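Dear colleague,

I am passing on the structure we spoke about, and below it I have set out what was found. Please read the notes with the model open beside you.

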Amino acid sequence: MSDDIELITPRPRRARRSTAGKPRAAKLPFPRELPLLPIRDNVYFPSLIFPLFVGREKSVKALEETLETHRHVLLVTQRQIDLEDPEPSDLYEMGTVSEVLQILKVPDGTMRVMLEGISRFRVTKYLQTEPCFKVRGVPVTEDLDKDLEREALMRSCLSQFENIVNNGRNIPPEAILNVMNIEEPGRLADHIAWHLSGLRVETKQELLETLNAKERLDRLGVLLNKEVEIIEVQKNIRSRVEKEMGDNQREFILREQMKAIQQELGERDDRLSEIDEYRQKIEECAMPELVAERATKELGRLEKMPYAAPDGVIVRTYLDWLTTLPWSKASKDKIDIEEAAKTLDADHYGLPKVKERILEFLAIRKLTGTLKGPILCFVGPPGVGKTSIGRSIARAVGRKFVRISLGGVRDEAEIRGHRRTYVGALPGRIIQGLKTAGTRNPVFMLDEIDKLASDFRGDPSSALLEALDPEQNFEFSDHYLEVPFDLSDVMFITTANLLDPIPPALRDRMEVISFSGYIEDEKAAIARQFLIPKQLKDHGLTAENLDIQESAIHRVIREHTREAGVRNLERELASVCRKVARKVAEGNVARLTVTEDDVQEYLGRKRFHYGIMEEQDQIGAATGLAYTEFGGDVISIEVSLLRGKDGRLTLTGQLGDVMKESAQAALSYVRSKARYLDLPDDFYERTEIHLHVPAGGVPKDGPSAGITIATALASALTGRAVHKDLAMTGEITLRGRVLPIGGLKEKVLAAHRAGIRTVLFPADNLKDVDEIPQNVRDDMELIQVAHMDDVLPLALLERTDGRGERDILVG
């Protein structure tokens, strides 16, 4: 027995003393209060030993309670089979008290139980329904006497049951021997009814509830007669089918003779034409030798089959797939690096790093002449051009482009195909894509690979391992084809929004190219060069009808979209074009110019806000920079001092754990610099600090606000205002060091958009300054800082009024 299966044997029963010649004891062998186990699709009778599989939670609880007490449980059938959690009203009143002989606990939580039926039992009251059913009732006794009429009924039922067994019903032959040795009428009826698997559950329940043995035998006799009649009808049907099969065989022989006669006369039929057509296709496809052998073998099977044979359709479909796949047909590569660069630039604006990596990828393919190498995986937020750049690659190298979406795919057969034993089986999506392309070397894009799922039908991501591994995919095995297909010439490209959901084994086979979100200037350029011309064409307009000014485009981007890509921007521009198209169609105007002030008229009030520069220098308020998937933004850090005794720091604004820790580190730094800032050593003992980041409905996290928080704290505690036209970003340590951050380009552009002209950034991020557009760098002062000692002199103004929030400390 497996170590994973636990065998539980109930306590041994006491030997039952013989009661021959003695009055029967009044005490029952089981109590009147019993756990109840609902049964779905069967009825169990007394005096039988039978197995039972138990998996429902209440049923398992009932068995566990049985093991702890008296080893008896009541089996009651439920009225509706499909109920998972029946109520008392869903169960019959009559059941069978059974004794637990043995229990096997299976690792999945289910149980296999061996039971012995003891007595009928009628439920009178439900004592509990949770955690399992427990009922009170009375046992039901039946008359065991025999008379001539009952003897006749018993013999009639035995004869009919023997007839049923001998005619091939799924009943073991030894069952008739066991039944023939039973002398009690009621027991005989129960045993025969148990072996009749064709009876409905309701019918078996009626037999269980029929307490009079004579009535039960009468009812059983009618059922046995009906079963015998069904067997006779089935025999007639079987003989008729065998005769028809004989006729089909005769038809096959005659057709073979007709074929021989036609060959002698030099005539042909459609059947032979079909076979010859398949044979010609197999020769023209230039299949590999192994595949050609398999196709020829299947063609031989088809040739020997009758024309209307059911398997003929399956074989024809299989041959159609084999002969239409591009085994040897391939597109000729025309990798011209300069042309590829022009194609990428014509189709997409920006993305310089992405384009550079793609051109390097193509250059290596051109020099090596082979496609073996890592699979490209484009990762980035929605709408940044991952799928469309795959089409541009296909156009640049002169190959066909195929795209399949893997979002929501949770069946392995979607990748590898179904085996031909299933009705309606088809190859997987990879083979289907190759058939659609018509070549064996297309650019094959697997879109949304991070949204693959898995369940009991398999793991599609595991099935992709072979297809995406250059060392294995030259013999890709599809379950439907059952022959290897060479995928080594296919240029696979995958896309994903997030990298984390991709399984590590699959991620290891791919080279990740990250797509960052577009900045505002890039979105405006994309709108001018691509989106507006496209929308004008789609709405029947021309540049003579509509002119959208540059300032209007920027306002649409800032106030009506918040995204990393440009999909929503395209929708908003389409909305403007629709309204203009209506006016032009009505004949009211021939040309319209949309200015910044007109945006609200066409698109309504602004839906999004962006950070702007503070109107004046303030104490306890510093301007920070944030980076999200939608780009950069300006945030304000506000600090207020309150009278208190414990120096508590209160943080509000829906801050994440990392940002809270940054605030604690910033406060610790300020406390360590108390003398440098001219603060009393014990200032925190008499002051409570409240730090707030506005836009409390938006979650915020990350360490890059560290130096901003420290500056705001120092400003509030010293009473020195912070420059309004200065923003900063950087992580802070306890010792005041400024550590590097991410998204510097997006943050500086957000500051520039808000009207801020001075930005403090970590010295370690100097390498990222080159990514900032030159016109922005020329218009701003970018100052690198390595320590908070560099930040505070630049950020804080000298006190001029002699009073500030610091006065709270000494008040």
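In this model, which is predicted, I would begin with a polar contact: the backbone oxygen of Gly417 lies 3.4 Å from a polar atom of the His479 side chain. His479 itself sits in the loop that runs between β11 (476-477) and β12 (484-485), and, leaving aside residues up to four places away in sequence, it touches Glu412, Arg416, Gly417, His418 and Arg419. Its relative accessibility is 18%, and because buried means under 20%, His479 counts as buried.

The loop between β11 and β12 also holds Glu482, a residue that has a positive phi of about 60 degrees although it is not a glycine. Glu482 has a relative accessibility of 37% and therefore counts as partly exposed, since that class lies between the limits of 20% and 50%.

A positive phi is also found at Ser47, where the angle is about 65 degrees, and this residue is likewise not a glycine. Ser47 belongs to the loop between β2 (33-39) and β3 (49-54), and with a relative accessibility of 25% it counts as partly exposed.

Pro131 is placed in the loop between β6 (111-128) and β7 (133-140).

Turning to the sheet, five strands form an open arrangement in the order β9-β10-β13-β8-β14, and their pairing is parallel. The edges are β9 (401-405) and β14 (510-514), each of which pairs on one side only, and the twist from one strand to the next averages 25 degrees. Within this sheet, β10 (residues 443-447) and β13 (residues 491-496) pair in the parallel sense over four bridges, with Val443 standing opposite Met491 of β13. Helix α11 (residues 352-368) packs on the sheet, where it touches β8 (375-379), β13 and β14, and the direction of the helix makes about 150 degrees with that of β14.

Notes
Residues are numbered from 1 along each chain as its sequence is written. This is a predicted model: local features need pLDDT of at least 70, side-chain atom pairs count only at pLDDT 80 or more; totals for chains, interfaces and linings use all residues. Side-chain values use heavy atoms; hydrogens and water are left out. Two strands pair if DSSP finds at least two bridges between them. Helices (H or I, at least four residues) and strands (E, at least two) are DSSP runs, numbered from the N terminus. Axes are lines fitted to C-alpha atoms, for helices over the stretch in contact, and angles run from 0 to 180 degrees between N-to-C directions. Contact means heavy atoms within 4.5 Å. Buried means under 20% relative accessible area, exposed over 50%, partly exposed in between (1.4 Å probe, protein chains only). A polar contact is a pair of N or O atoms within 3.5 Å; within protein, one must be able to donate a hydrogen and the other to accept it, and residues adjacent in sequence count only if both atoms are side-chain atoms.
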